[in-house]
Amino acid sequence: MNYSFKHTIMVFSLLLFAGCDWFSRSDAKTSEEEPVYIMKNVQDVISLFPKNVEEIEQRVEYAIEKVKVSIQKIKDLDDSERTFENTARALDEIGERFSVAIGGVGALKMVSPEKDLRDASNEACIKISSFAVDVFLNVDLYNAFKGYVEGNAKKEKLNNEQQYF
């Protein structure tokens, strides 16, 4: 990969994430994993972009599986166990991680000079979109949030931002 292409990817990534407060949020780490959206160097930015068709497919499958498991954890909680952290913030972080994990795939669809990468990215984006609708607009997930809002949310001391969320 030549310097110009690396530079283009880095600039595009920074523009993509510009203005997103979660990109540099100091409190973003609420789980045992380090947030995937903290970019420490140019190599971290470059790693956001799959290098071949196989990597596109692997990344999408991995991201989808991680989201399924994480969403199921939220849905499996009893309403009496729900808190802002394990329900609202958890879903927010799932969405953030998913967006970052698949963001490079969507970018390649638009900017890759290689037709096979653009085509594979396009197919992956169709799969991702379908999955996202099914998972994030899920009745059981809605009911989990409803249970939290109608229950423990009324008892928690939430700051203005959390209440707005």
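Predicted model: local features only at pLDDT ≥ 70, side-chain atom pairs only at ≥ 80, totals over all residues.
The protein chain contains seven helices and zero strands. Read from the N terminus, its elements follow the order α-α-α-α-α-α-α. Of the 165 residues in the protein chain, 36% are buried. When contacts between residues at least 6 apart in sequence are considered, 72% of them connect residues at least 24 apart.

The largest nonpolar core comprises 33 residues, and the members that touch the most others are Ile56, Val67, Ile71, Ile74 and Phe98. At least two residues of this core are supplied by each of helix 3 (53-76), helix 4 (84-111), helix 5 (115-136) and helix 6 (139-150). Helix 4 provides the largest share, with eleven residues. Leaving aside residues up to four places away in sequence, Phe98 touches Ala63, Ile64, Val67, Ile128, Phe131, Ala132 and Phe136. One of these, Val67, is also among the core residues that touch the most other members.

Helix 4 and helix 5 have axes that come within 8 Å and cross at roughly 160 degrees. Because angles over 145 degrees count as roughly antiparallel, helix 4 is roughly antiparallel to helix 5. The crossing in which helix 4 passes helix 5 is left-handed. On the side of helix 4, the contact is made by Leu91, Ile94, Gly95, Phe98, Ile102, Val105, Gly106, Leu108 and Lys109. On the side of helix 5, the contributing residues are Arg118, Ser121, Asn122, Ala124, Cys125, Ile128, Phe131, Ala132 and Phe136. By class, the residues of this contact are twelve nonpolar, four polar and two charged. Phe98 of helix 4 takes part in this contact, and the residues that Phe98 touches include Ile128, Phe131, Ala132 and Phe136, which belong to the helix 5 side.

A second contact involves helix 3 and helix 6, whose axes come within 9 Å and cross at roughly 45 degrees. This angle makes helix 3 oblique to helix 6. The crossing of these two helices is left-handed. Helix 3 contributes Ile71, Ile74 and Lys75 to the contact, while helix 6 contributes Asp140, Leu141 and Ala144. The residues of this contact divide into four nonpolar and two charged, with no polar ones. Ile71 and Ile74, which take part in the contact on the helix 3 side, are also among the residues of the largest nonpolar core that touch the most other members.

Note on methods:
Residues numbered from 1 in each chain as written. Heavy atoms only, no water. Core = buried A, V, L, I, M, F, W, Y, C linked by side-chain atoms within 4.5 Å. Buried < 20%, exposed > 50% of the residue type's maximum accessible area, 1.4 Å probe, protein only. Helix = DSSP H or I, 4+ residues; strand = E, 2+ residues; numbered from the N terminus. Contact = heavy atoms within 4.5 Å. Axes fitted to C-alpha atoms, helices over the stretch in contact; angles between N-to-C directions. Parallel < 35°, antiparallel > 145°, perpendicular 65-115°, else oblique. Left-handed = near helix turned anticlockwise from the far one by under 90°. Nonpolar A, V, L, I, M, F, W, Y, C, P; charged D, E, K, R; others polar.
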